[in-house]
Each structure stands twice: as C-alpha cells, then as structure tokens.
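Subject: Handover of a structure and notes on its contents

Dear colleague,

Please find the structure below, together with its sequence. My notes follow it, and I would ask you to read them with the model open beside you.

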Amino acid sequence: MWLWIGLCLVGSFCAYTWYWYVRSIIFYRRNGFDFSKDFGPDYFSRDEGHRFFSSPKAKFYFGMPFVLAVTSLLSILTLSMLLGIVKRCIECGGDGFPI
C-alpha cells in the first residue's frame, strides 16, 4: 500500500515538473531564449541572491532538469518495485528496508 501512495505522490510531482519544463522550453524558444522573463513554477526561490536557482537561466538549465531526473528515477524505481522487478529487502540478514 505504501508503494502505491509513494507512486501517486512522486509520480504526480514528476508529471507536474515535466509539464512545466516542456512549457518552459516552448516559452523560451518562442522568445529567443531571453531569460530576462521568469517562467515556470514557484518551487524555486525567486528572491535574488539567496539561492543559486533564483535566476531563470539557472532554473531552466540546472534546477528543473535535476528535479526531473530525481523524480523520474524515483517513479521508475517505485514502479519496478510494484511490478516485482526489484525486490524489497525485508529479511535480508541486516536491519532490512522497513517498508
């Protein structure tokens, strides 16, 4: 049951991020990759100077691809655990994986 909940949460966040990244590609391509206009979701800091991902260019080239890679990997891992391709380690001699 916990795997299904994890798949729904991580998968929905992954789909949300893919949606905004594709829209950002379309937006910046139409504007000639002018990064003076910020576009996309607000889960990166918009406050200049506090974070690396505050500029639109850094968010487009580094922030969103990193989030996409992590959420896609977690979604694939969770789905492969649900399909039985990857086995959970419940009784493997050590502490195991407590799910």
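This is a predicted model: local features need pLDDT of at least 70, side-chain atom pairs count only at pLDDT 80 or more; totals for chains, interfaces and linings use all residues.

Residues are numbered from 1 along each chain as its sequence is written, and side-chain values use heavy atoms, with hydrogens and water left out.

S24 belongs to helix α1; helices here are DSSP runs of H or I with at least four residues, numbered from the N terminus. At 1% relative accessibility, S24 counts as buried. Buried means under 20% relative accessible area, exposed means over 50%, and partly exposed lies in between (1.4 Å probe, protein chains only).

W18 is partly exposed because its relative accessibility is 42%. Beyond residues up to four places away in sequence, W18 touches L68 and S72. The C-alpha atoms of W18 and P65 are 9.1 Å apart, although 47 residues separate the two along the chain. S12 also lies in helix α1 and, with a relative accessible area of 44%, is partly exposed. The side chain of S12 reaches the backbone oxygen of C8 at 2.8 Å. From C-alpha to C-alpha, S12 and S75 are 9.3 Å apart in space, and they are 63 residues apart in sequence.

Helix α2 comprises residues 56–83, 28 residues in total, and reaches 38 Å from its first C-alpha to its last. That is close to the 40 Å expected, where the expected span is 1.5 Å times one less than the number of residues. A kink of about 30° lies at G63, shortly before the proline P65; the bend is the angle between axes fitted to the seven residues ending at a residue and the seven starting there. After α2 comes G84, whose phi is positive, near 90°.

Next, the aromatic rings. A search of the whole structure finds 11 aromatic pairs. Rings of Phe, Tyr and Trp (its six-membered ring) pair if their centres lie within 6.5 Å; planes under 30 degrees apart count as stacked, over 60 as edge-to-face and the rest as tilted. The pair F27 and Y28 is edge-to-face, because the ring centres are 5.2 Å apart and the planes stand at 70°. The pair F35 and F60 is tilted, because its centres are 5.7 Å apart and its planes are at 45°. F35 lies in the loop between α1 and α2 and F60 in helix α2, so this pair ties together parts that are 25 residues apart in sequence. Both F35 and F60 are buried.

Finally, which residues make up the largest nonpolar core? The 8 residues are W20, Y21, Y28, F35, F39, F60, M64 and L68. The elements giving two or more residues to this core are α1 and α2. A nonpolar core is a set of buried Ala, Val, Leu, Ile, Met, Phe, Trp, Tyr and Cys residues joined through side-chain atoms within 4.5 Å.

Yours sincerely

Technical notes
Contact means heavy atoms within 4.5 Å. A polar contact is a pair of N or O atoms within 3.5 Å; within protein, one must be able to donate a hydrogen and the other to accept it, and residues adjacent in sequence count only if both atoms are side-chain atoms.
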